[in-house]
Amino acid sequence: MKPIDLDVLIIGAGPAGALAAAQLQREGRKILVVEKQTFPRFVIGESLLPHTMDLLKEVGLLQAVEKCGFMKKTGAVFLRGDKVCNFDFADQSAAGWQYTYQVPRAEFDKAIADAVQARGVEFLYGHTVTAVNFSNAHADVTLEQPDGTRRKIAARFVLDCSGYGRVLPRLLDLEEPSNYPVRESLFTHVTGDVRPPEREQGKIWVCVHADGAWIWIIPFSNGKTSVGVVATPEFFARYPGESEAQLRAIVMSEPNAAARLADMRVDFQPQRIKGFACSVKKLYGPGFALAGNATEFLDPIFSSGVTLAMESGLRAAQVLARELRGEPVDWQTDYADHVMQGVNTFRSYVTAWYEDKLPTILFAAQRNPDIMRQICSVLAGYVWDKSNPYVVQADRALGLLAKISGKMA
Ligand SMILES: Cc1cc2nc3c(=O)[nH]c(=O)nc-3n(C[C@H](O)[C@H](O)[C@H](O)COP(=O)(O)OP(=O)(O)OC[C@H]3O[C@@H](n4cnc5c(N)ncnc54)[C@H](O)[C@@H]3O)c2cc1C
């Protein structure tokens, strides 16, 4: 019988894969990270949440990130016409981090992957996982190498962190459609953004367009700013033209974004992603688990993707390390239920956003400061904090609050 080469093969070197690799390396496991692209590579998802700081610290990667000099993100500002709801992470109900970073992902992902590699973890860049066969308590993984030839590697466990590649969901027929309608995003980086001063400079802006779209403005420390629009395909169809003209027309038709970006110069041809919401039938099975965007992706509105990717990558690695030590583990309660607690909390907020409940709350004439602090903690990524009623009973609490806020409007 062919010997088993590895304890764990990780597919993908994004935040989920890098955090899983960092944790498994500390556990002394023989691992390999297989990454289709070469780093640095562009990927969207640039606004972190404060909870990522806890996760980076836990696996010893915070210093590597701090060295990069990224823009400090101290909160999130929601704007609709002349109404503003300004969250500051210093004003949370939880004792969490009061800031995080706005990160060009090419640099951020490379910084953490390089730091993990420097600890002795092998990364194979430019290698694509094309097949995985599970038999005899191990997985035979087929890789396509940069020269187009194939190579097989035997691993005891496969952790799929392939993000939008969704390798195991596709190969094992685990894909499930999302309950959300198809939305689309058009985005680029620009220069010429007129930023607010001082502490306000690094906050993300979410500008609500009168016709039902929303626009993100994410400032970087390199002078560039990420700008993107999220809307239904019907909304985009009302703005014909090539992608730069379309993005410009949409941004200029929303007064708050227009005020900041009137002189914007586009850094690269705007890119488009359509139908990004996705789901899976299950998060684990014999010999494998899924983490990050290879599981479920909801929507970019609350910048939750990287936080959920890191939390799930790290958690999967912790459960797996125990299993590999021969300890009893229950993947459902120890892993899937934990991950879904976070996903489902954000799901309540995403749903409330598109049903106009959350905008009704955020743009109400009067807001209860204690409740806003609890909501701020959720927006900071503390979605596993069971002491927060806006976590444990998010649907109910947001529904009731929207009714009260609507009556006071
Ligand atoms: C429009 C939009 C805006 C967003 N904005 C935000 C935001 O502001 N903040 C935020 O936190 N999140 C945001 N997200 C979500 C964010 O992009 C993802 O949640 C995050 O990148 C997931 O990380 P990951 O590690 O799971 O996957 P990724 O970062 O996608 O990494 C997966 C890696 O796997 C590799 N791979 C794929 N297939 C294979 C294969 N066959 N073999 C080997 N390697 C493979 C890929 O090359 C890639 O490098 C946004 C998403 C969208 C669609």
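**Cavities, pockets and the ligand site**

Tutor: H9 provides the largest share of the lining of the largest cavity, namely 4 residues (helices, H or I, are DSSP runs of at least four residues and strands, E, of at least two, numbered from the N terminus). The model is predicted: local features need pLDDT of at least 70 and side-chain atom pairs pLDDT 80 or more, while totals for chains, interfaces and linings use all residues. Residues are numbered from 1 along each chain as its sequence is written, and side-chain values use heavy atoms, without hydrogens and water.

This largest cavity has a volume of about 90 Å³ (the space filled by probe spheres set on the grid points). A cavity is a set of points, on a 1 Å grid over the protein atoms alone, where a 1.4 Å probe fits but cannot get out; lining residues have an atom within 4 Å of a point. The lining consists of 13 residues, with Asn293, Glu296, Phe297, Gly305 and Leu308 nearest the centre. By class there are 5 nonpolar, 6 polar and 2 charged residues (Ala, Val, Leu, Ile, Met, Phe, Trp, Tyr, Cys and Pro are nonpolar, Asp, Glu, Lys and Arg charged, the others, including Gly, polar).

The structure holds 2 cavities of 30 Å³ or more.

The open spaces come next. A pocket is an open set of grid points with protein on both sides within 12 Å along at least five of seven lines. The largest pocket has a volume of about 880 Å³. Its lining comprises 48 residues, of which Val43, Ile44, Arg105, Tyr164 and Asn293 lie nearest the centre. Elements giving two or more residues to this lining include helix H4 (105–117), strand E12 (184–191), strand E14 (214–219) and strand E17 (271–274). In class terms the lining has 24 nonpolar, 17 polar and 7 charged residues.

The ligand sits in this largest pocket (more than half of its atoms lie within 2 Å of the grid points). Helix H1 (15–26), strand E2 (31–35), strand E8 (128–135) and helix H9 (305–324) each give two or more residues to the shell around the ligand, and H9 gives the most, with 3 residues. In total 35 residues surround the ligand, the closest being Glu35, Ile44, Tyr164, Asn293 and Val306 (each has a heavy atom within 4 Å). Of these, 15 are nonpolar, 15 polar and 5 charged.

A backbone N or O atom of Val306 is 2.7 Å from a ligand oxygen, and one of Val129 is 2.9 Å from a ligand nitrogen. At Glu46, a polar backbone atom lies 3.5 Å from an oxygen atom of the ligand. Taken alone the ligand exposes 1000 Å², of which the protein buries 97% (Shrake-Rupley areas with a 1.4 Å probe).

The second largest pocket holds about 200 Å³ of space. It is lined by 16 residues, with Val208, Gly212, Ala213, Trp353 and Tyr354 nearest its centre. They divide into 9 nonpolar, 3 polar and 4 charged.

Methods
A polar contact is a pair of N or O atoms within 3.5 Å; within protein, one must be able to donate a hydrogen and the other to accept it, and residues adjacent in sequence count only if both atoms are side-chain atoms.
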